[in-house]
Amino acid sequence: MSLSPLNAISPIDGRYRSKVSELAPYFSEEALIKYRVLVEIEYFIALCEIPLPQLKSVDHGVFDSLRGIYQDFSEEDALAIKKIESITNHDVKAVEYFIKEKFDKLGLSQFKEFIHFGLTSQDINNTAIPLSIKEAMNNVYVPEYLIVLNKLKDLSKDWASISMLARTHGQPASPTRLGKEIQVFVTRLEEQFNLLNDIPSAAKFGGATGNFNAHHVAYPNIDWKAFGSKFVQEKLGLRHSFPTTQIEHYDHMAALFDTLKRINTIIIDLDRDIWTYVSMDYFKQKIKKGEVGSSAMPHKVNPIDFENSEGNLGIANAVFEHLAAKLPVSRLQRDLTDSTVLRNVGVPFGHTLIGFKSTLKGLNKLLLNESKFAEDLENNWAVVAEAIQTILRREGYPNPYEALKGLTRTNSKINQDSISNFIDTLEVSNTIKDELKRITPSNYTGI
């Protein structure tokens, strides 16, 4: 049976494939193989540029053809490598043998033993995977994040003047503005996103146990540490981790995953707030012809997009959490647990992308129900008590908090008239009374 969205085990490759297909060039098996080929080719070219004595005769004009091996990499190429792997039972060695075949066709047979020269498989994996993550971040994650962020910025501006009853502990509290509450999420997201810029995309490159042993014994007069740093940083655009064991220590990658997790957590917080506002009738939702909200209740228009986002971001965070906790831990100079979990690195990115798109879809369906905002404010005149007692404090009025507590901490209905009547009983000037009476739940919203 060939793989299809209907028989895929993971919903990322099944139900949600259309939402995450743009991640395939970075996190699929074919993509990983391609990135490995890229590193191997660029490494051979870098050895020629030293040049190693045995590679002085390599015509640099062939570099374009060598780069074409990964630039024109196809599904057929990936299948050819997988066929070799079925014999070698080693994925990186299969890449080496594949490139050697390409060298034969390019007339470079005499140089093919310098493919993968002095390296271990982790020099390839620990550069290929960080490179794929970096490019997926730049080309897929960041654009999608910015769409959500800019939508929130627009809503914050659109709703800047909408007065709203705040709720702390679920109870009516000092009024706020809807735009400001959305701006809280904008600022939180921006601050976490800025932290991403401080996290390097780090890569290990140093031979079997990180000391360039094989390189040094073969060519002791070459500064292999400098070579490795130049190759990783200038050729691949990554940061060279040194010293390391046989594998990258993954501390920076863990920091990246932790930050991505916090961004997801902020979006989950937003999802839950908007979901609650919908349940409070602060928002209606645009109705799409033909859609069904419930199999039994025809009237329902459910906030399913925010629920979908919350669920997917929760799964993403669970995987990010495991990656961040597991990857920096390896027995002695290495064990293989990093290899198997790194094959799942695309999973949390996939669920994150689904979450972002669902949140955006939900935000685009919101219809502001201004009358409900006004109704809630009008029904909660008690919230101006804070303002009144604060002005009375300013005027030196005796025990203002206690006076307002006696008025408002009751099960009786507090409205504009009861507040006005209370103000009339205060022993303050008419000017102060007028000032107090100008305060309403709608205009007591701070700065």
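Author: Happy to; bear in mind that this is a predicted model. Starting with charge, the protein chain carries 51 positive and 56 negative side chains.

Reader: Nice. And how far apart do the centres of the two sets lie?

Author: The two centres are 2 Å apart.

Reader: Okay, switching to the fold. How many helices and strands are there?

Author: The protein chain has 19 helices and six strands. Its radius of gyration is 31 Å, well over the 22 Å that the globule rule gives for 447 residues, so the chain is more spread out than a compact globule.

Reader: What does the C-alpha trace span along its principal axes?

Author: About 100 × 55 × 40 Å.

Reader: And how much of the chain is buried?

Author: Of the 447 residues, 49% count as buried. As for the accessible surface, that comes to about 22,300 Å², with 51% of it belonging to carbon and sulfur atoms.

Reader: What about contacts between residues 24 or more positions apart?

Author: Those pairs make up 77% of the contacts with a separation of 6 or more.

Reader: Let's zoom in on some strands. Do E1 and E2 run parallel or antiparallel?

Author: Antiparallel: strand E1, residues 163-168, is joined to strand E2, residues 171-177, by five bridges.

Key. Residues are numbered from 1 along each chain as its sequence is written. This is a predicted model: local features need pLDDT of at least 70, side-chain atom pairs count only at pLDDT 80 or more; totals for chains, interfaces and linings use all residues. Side-chain values use heavy atoms; hydrogens and water are left out. Helices (H or I, at least four residues) and strands (E, at least two) are DSSP runs, numbered from the N terminus. The radius of gyration is taken over C-alpha atoms; the globule rule is 2.2 Å times the number of residues to the power 0.38. Buried means under 20% relative accessible area, exposed over 50%, partly exposed in between (1.4 Å probe, protein chains only). Contact means heavy atoms within 4.5 Å. Accessible areas come from the Shrake-Rupley method with a 1.4 Å probe; for residues, only the protein chains shown count as cover. Lys and Arg count as positive and Asp and Glu as negative; His and the chain ends are not counted. The place of a charge is taken as NZ of Lys, CZ of Arg, CG of Asp or CD of Glu. Two strands pair if DSSP finds at least two bridges between them.
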